[in-house]
Every structure is written in structure tokens, then in C-alpha cells.
Amino acid sequence: MDFDPSWLLISLPVAFVLGWLASRFDIRQLKLENRQAPKAYFRGLNFLLNEQQDQAIDAFIEAVQNDPDTQELHFALGNLFRRRGEYQRAVRVHEHLLGRGDLSRSDRERAQHALAQDFLRAGLLDRAEAALQKLEGTRYENEARLALLAIYERSREWAQAADVAQKLDESDQASYSTRRAHHLCEQATERVAAGDLPGAGKLLAQAVELAPQAPRPAIDTANLQLRKGEANAAFDTLAALSETSPLALPLYAATLQQAAMAAHREADALELLQRRYVESPSIDVLEALMALGGKPSATAEEPNPTPRDGYIAHLAQQPSLVAASRWLAGERFEHEQFHPQVQRALDQATRPLMRYRCAACGFEAHQYFWHCPGCQAWDSYPPRRVEEL
């Protein structure tokens, strides 16, 4: 059969027309979709800039419905839900992203990190812990470890906190040696409560080795030694600490006084406490001195000094309502029958002055905390009472 060239002349224009019609249809469909998605997106962005989060969320939801494959819109929507406190909706958005098979590795890590933040903000610490652990080996690894460390410290899981802090220390991002020493001290405190004194001693020895300049390991070691009847060792531990950490002396002055009396080393303790008191007067150091029968050097040459004269000497160094109140407690009034009422009023007024105050958040407590219950900061309490700050 011979080929008829006339068919070629007819088929070429027909193919061209059909191709042109198909392309016009695709272009119109694409323009329609692109017109809808960016319009909703930019409308949502405009609402967001005007701090109209409700309208922005509605616009982004519309944009996501028009273009469900857009990851950035999902991330924006999830972050908006989290900022508004709608944590369940934020979790659903980020879990939907993680469920997609076409998500790149970078976006998958980003979605996992966002999901962990959702759980953290919602207070679901167990689910946050599981989500953060999946970020090990990713670009969010260091941030995830910091969040895990905060979770373990807040829930007082000190062994897990110590493991995470060690990893952070080994990453060379910052030094966590002092923080790790705190974790060991906390574990030692639990061992002491359980009656395991040898185990507590081993943990405290590790803490001292990790942070030899930190006061807490030495103070806890001295308390343990005193508990075990090793008064001489406890005194030597605190005497050495007074050389490396003299500013923390108010925290352990009473323990040093007890160790000195148990070891019959009152003279050594008096010399040490008097020297440090002259350098930095403190009501706690003063009362440790007075418990040993000593006094500040200002009263050393007074004839027949009494223990209460120490408070007068302290008042000469710095004004102190606490010292004045305690001196007045032993003074006789002209109308002595009113003394108890006056003393109760003074004690009530001085009670807040004997607190410790966190320098980070201002949380006050009668007990000294190494780990602030308010802001969870470590070593944020100055070792002096509120009145002496």
C-alpha cells in the first residue's frame, strides 16, 4: 500500500491543535491552583503581621487544604497552634508531617523537634522525653539533650540527668563538671536516706574529683564524715574548703563548729572563724563563733565580755535588725512584762530577713537550695541571708 502524503498534511495540524488545547487547559488549572494557594498564604501572613492569630490560622488552614503537600505551611500552622496553647492541634499537624513518606530527612528531623516542643509546652514530659530521644544524632541533638537534662532534673531522676550531662560535657559545647557534681551529690543524699553510707561516700568522692573548687561536694562530704563519727576528718575537710571557697563559709560555719567541738579542736576553729569574720562579717559566722565561746576581735579586749556582746560588735560592723533583735532577747526592759510581746513582734519582722533569695528569679526560702525550686537554676542563691545582700 502506497503512503499518501496528504494524511501527513492533515494529521500534523490536528495534532498541533489538540496539543495546544491540552496545554491551555493545564495552564488554566495551574493558574487557578496557584491563585488560590498563595492568596490564602499571603492573607494569613498579613493577619500574622497584624497579630490576628485566629484569622491567620483560618487562612493557613485554607492554604494547606488547597496545597496539602506544602511542608512550610504545615510548620507555620503547627507553630501558631503551639503559640496559642492549642497543643493537641499542634501535635496532630506535626504527627501528620512525620507520617508522610515523601518527607525529606531534614524536614523529618525538624518535624520531630517541633513535636517534642509541643509535648514540652503541654507538660507531657514522658512523651516529650520519648520524642527528644529520637533526635539523638541529628542537628537538634544538643538542644534535645539540654531539654532532656531539664526534664530529668525537674523530675529528680539524677542518674539519667548525670548521663545526659556527661554527654553534653563530652561534646565540648560547655563545661558541665559542676552540674555533674551536683547530680552526684543528689544521688549521695538519696543513698544516705536509704542508709547506704559507703555508697554515698563513693559518689561524693567522685563529685569532689569532678569539681574540686565547688563548695557543695566538700560540705556534703563533711556532713557525711560527721555522721559517721569522723569529726577530725570533717573539720579538716571544711578547713580546707575555707581556703578555696571562703565566701561560702556562712553555709558551713555551724557544721565546722560542731566538728570542732566533737574533735576537741575549738582553738583551731576559733582562729579560723575570727579571721574569716574580720574579712567578711556574717551573722552565721558570728553565731558559730559565739557557740564556741568566742567573739569577734572587736570585743576581744573588753573586760568580762558576755556572748551577747558579739551582737553589739556585729552592729558596730554593719546595721542588722537580726543582731539587734537577738541582743534584745537577753536584755531586761523597764517594763519586763511587755518583753515577750515585743520580742515576738521583732522575731516576726526579722524572719523574712533570714531567708535566702535566688539571684535569678527572686524566689525566697528559709532553707538554702543549690537547685532553685522556682527557676530550676543551679548555684543561683548567694550564700548570705537577705539582710546581708
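**Starting from one phenylalanine**

Start with phenylalanine 235, which sits in helix H12. Helices here are DSSP runs of H or I, at least four residues, and strands are E runs of at least two, numbered from the N terminus. Before going on, the ground rules. This is a predicted model, in which local features need pLDDT of at least 70, side-chain atom pairs count only at pLDDT 80 or more, and totals for chains, interfaces and linings use all residues. Residues are numbered from 1 along each chain as its sequence is written, and side-chain values use heavy atoms, with hydrogens and water left out.

Back to phenylalanine 235. Is it buried or exposed? It counts as buried, at 2% relative accessibility. Buried means under 20% relative accessible area, exposed means over 50%, and partly exposed is in between, with a 1.4 Å probe and protein chains only. Leaving out residues up to four places away in sequence, phenylalanine 235 touches Leu256, Ala259, Ala260, Arg265, Asp268 and Ala269. Contact means heavy atoms within 4.5 Å.

Now the helix around it. H12 has 14 residues and spans 20 Å from first C-alpha to last, close to the 20 Å expected at 1.5 Å a residue. That expected span is 1.5 Å times one less than the number of residues. Its buried residues include Ala231, Leu238 and Leu241. They pack against H11, H13 and H14.

**The cores**

Zoom out. The largest nonpolar core has 39 residues, and Phe235, Tyr252, Leu256, Leu273 and Ile283 touch the most other members. A nonpolar core is a set of buried Ala, Val, Leu, Ile, Met, Phe, Trp, Tyr and Cys residues joined through side-chain atoms within 4.5 Å. Helices H11, H12, H13, H14, H15 and H17 each supply at least two of its residues. Domain 1 (181-289) and domain 2 (352-388) both contribute, so this core lies between them. The domain bounds come from an automatic or database assignment. Isoleucine 283 has contacts beyond four places in sequence that include Tyr311, Val322, Met354 and Arg385. There is also a second, separate core of 25 residues, with Ala111, Phe119, Ala165 and Tyr176 among them.

**Salt bridges**

How many salt bridges are there? The count is 25. The rule is a side-chain nitrogen of Lys or Arg within 4 Å of a carboxyl oxygen of Asp or Glu.

Glutamate 141 meets arginine 145 at 3.4 Å, N to O. They are 4 residues apart in helix H7, so about one helical turn separates them. Arginine 145 is buried, at 11%.

Next, arginine 179 pairs with glutamate 153, the closest N and O atoms being 2.8 Å apart. Arginine 179 is in H9 and glutamate 153 in H7, so the pair ties together parts 26 residues apart in sequence. Glutamate 153 is buried, at 3%.

Last, arginine 326 and glutamate 287 meet at 2.3 Å, N to O. That pair ties H17 to H15, across 39 residues of sequence.

**Confidence**

Mean pLDDT is 81, and 78% of residues reach 70 or more. pLDDT is the predictor's confidence in each residue, from 0 to 100. Confidence is lowest in helix H1, at a mean of 52, and highest in H11, at 95. Where pLDDT is low, the predicted coordinates should not be read in detail.
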